[in-house]
Amino acid sequence: MLGSQRPRFQEDRPNGAHDPRERGDTALTKKLHVKTYGCQMNVYDSARMADVLAPLGYSVTHSADEADLVILNTCHIREKAGEKVYSELGRLRPLKTQRQAEGGDLLLAVAGCVAQAEGAEVVRRAPHVDIVVGPQAYHQLPELIARATRAAAGPGAGPGRGIVATEFPAEPKFDFLPQATHAQDVSVFLAIQEGCDKFCTFCVVPYTRGAEYSRPATDILTEARRLVALGAREITLLGQNVNAWHGDGPGGGSWGLGRLVRALADGVPGLARIRYTTSHPRDMDDELIAAHAEVPQLMPFLHLPVQSGSDRILARMNRRHTAAQYDAIVARLRAARPDVALSSDFIVGYPGESDRDFAETLDLIRRTGFAQAFSFKYSPRPGTPASAEDPQVEEGVKQDRLAAVQDLLRRQQDAFNRETIGRRVPVLFEKPGRHPGQLVGRTPWLQSVHAEGPTRLVGSEIEVEIVDHRPNSLAGRIVTRDAEEARAIGAAA
Ligand code: SAH
Ligand code: SF4
Ligand code: F3S
């Protein structure tokens, strides 16, 4: 599906590995391999961990085999996501054993939400792990690595050092993480908010990421200017609950996300596109909806998870809104920005979900119309209220409901993409494609587009006529009405 070009969930991508970047500095001797699971916040955090470790001499490698330090940045959201980490740790064990037998070493760190949720349990299940580090403690990595390295030198060192850092420190990690200094991708993430106070009954995030924290506006504006100076043209503002962001404004007082979006659009020259994710329906306030109407840089695409179309289930999930309230938000958004496209998350088979509840979810999808969406079978998570609720829905029923929801969503997504064929849309080119002479970019609605064009157009936003719809992307032809520009880029005018 088109949305999977930059998946929200790393577990869904065919090659789950993500390396924040690779450096070619030969003076650096140590190699770091980061494998990222889970959401975009983890992708952002993996890049920050690489930034923290760069001054220690670590350069990033795509291969665990040549790494001196492997960090698994993990996700705990569903059971399958959590269990993946242990199979990966199992695969890494012989590599570590071999290194130690040769008199060398391989440091293994588990970061992210499994680290936070399971803590010392990770070391009990995988004793060859050296460091378990929670998402709020990444700025402590240099010290943790130094401790692990010292422990290795001592007599009787075990296969792993088992250092666990999962406390929520008093200082916000953002104040201690270094800023990026290297060339940036065209489209980048910027974390503005972390944690969640909503406590939906199915969800581990409030426990793994802690209480809501909003970064001050000035810090965000400074980071955005730096990212743009280093080559970024599109910024996706990140938060577990991004539209609950309420940071300190530059002159005192508290700002909301709508105000921040305006400040970024007005105060960061060269920033062509702004997006934000993930939002909660309850925090879609008037100021933010107005920004969709008035800020051209704010893209007409919104990921607004609803989870279910049944009021009974929404109440049991502690979502604190009804299906009709969701409809009303969608209507207000569409009134503000008629071409806004919507995305959502759905959970099927929540405890007690009846056929009727499920039919209401299908109804909501039909009447809303989504450009893309993610859907999941409910997965009971230890310690969350829903895991103790009755009755749990049978696996076969969950499977059937997931298939039905995905079929409907796929048809809506196909219709949405087909509808762009023949239209001229602005595409921000992000990188060269796999074939020579090909470029890959995105429409304002997050659809991936392939078109022929010179590499120097990477980073430019250009009119493209959509000519075809393929399974994973749209095919386009660069067009421009400006004859001079057309000659320069060899495109049709
Ligand atoms: N606001 C967060 C939500 C993280 S969870 C964000 O930044 O994306 C992402 C999605 O995973 C949720 O919207 C929900 O649809 C799904 N999810 C969360 N807990 C789940 C569980 N226990 N079982 C199945 N799906 C779950
Ligand atoms: Fe989880 Fe709900 Fe918070 Fe989203 S709003 S992170 S689903 S608790
Ligand atoms: Fe997973 Fe943690 Fe993100 S549980 S979805 S990595 S916030």
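Which exposed residues does the face of α9 turned away from its buried side carry? Keep that in mind as you go. The model on screen is predicted.

**Stop 1: helix α9.** Select residues 286–294, which make up α9. Colour Leu288, Ile289, Ala291 and His292: these are buried. Now look down the axis of α9. The buried residues fall within an arc of 150 degrees, so they line one face of the helix. Turn to the face directed away from that buried side. Asp286 and Glu294 are the exposed residues there.

**Stop 2**

**Stop 3: α8 with α9.** Two packed helices are described by the angle between their axes and the distance between the axes. The axes of α8 and α9 cross at roughly 30 degrees and come within 7 Å. With an angle under 35 degrees counting as roughly parallel, α8 and α9 are therefore roughly parallel to each other. Show side chains at the contact. From α8, pick Leu257, Gly258, Arg259, Val261 and Arg262. They meet Glu287, Leu288, Ala290, Ala291 and Glu294 of α9. By class, this contact has 5 nonpolar, 4 charged and 1 polar residues. Leu288 and Ala291 are among the buried residues of α9, while Glu294 is exposed.

**Stop 4: ligand 2.** Cys196, Lys198, Phe199, Cys200, Phe202, Cys203, Val205 and Pro206 are among the residues around it. Asn241, His280 and Arg319 also belong to this shell. Colour the shell by class: 7 residues are nonpolar, 2 polar and 2 charged.

Note on methods:
Residues numbered from 1 in each chain as written. Chains lettered and ligands numbered in written order. Predicted model: local features only at pLDDT ≥ 70, side-chain atom pairs only at ≥ 80, totals over all residues. Heavy atoms only, no water. Near = heavy atom within 4 Å. Nonpolar A, V, L, I, M, F, W, Y, C, P; charged D, E, K, R; others polar. Buried < 20%, exposed > 50% of the residue type's maximum accessible area, 1.4 Å probe, protein only. Helix = DSSP H or I, 4+ residues; strand = E, 2+ residues; numbered from the N terminus. Arc of directions from axis to C-beta. Axes fitted to C-alpha atoms, helices over the stretch in contact; angles between N-to-C directions. Parallel < 35°, antiparallel > 145°, perpendicular 65-115°, else oblique. Contact = heavy atoms within 4.5 Å.
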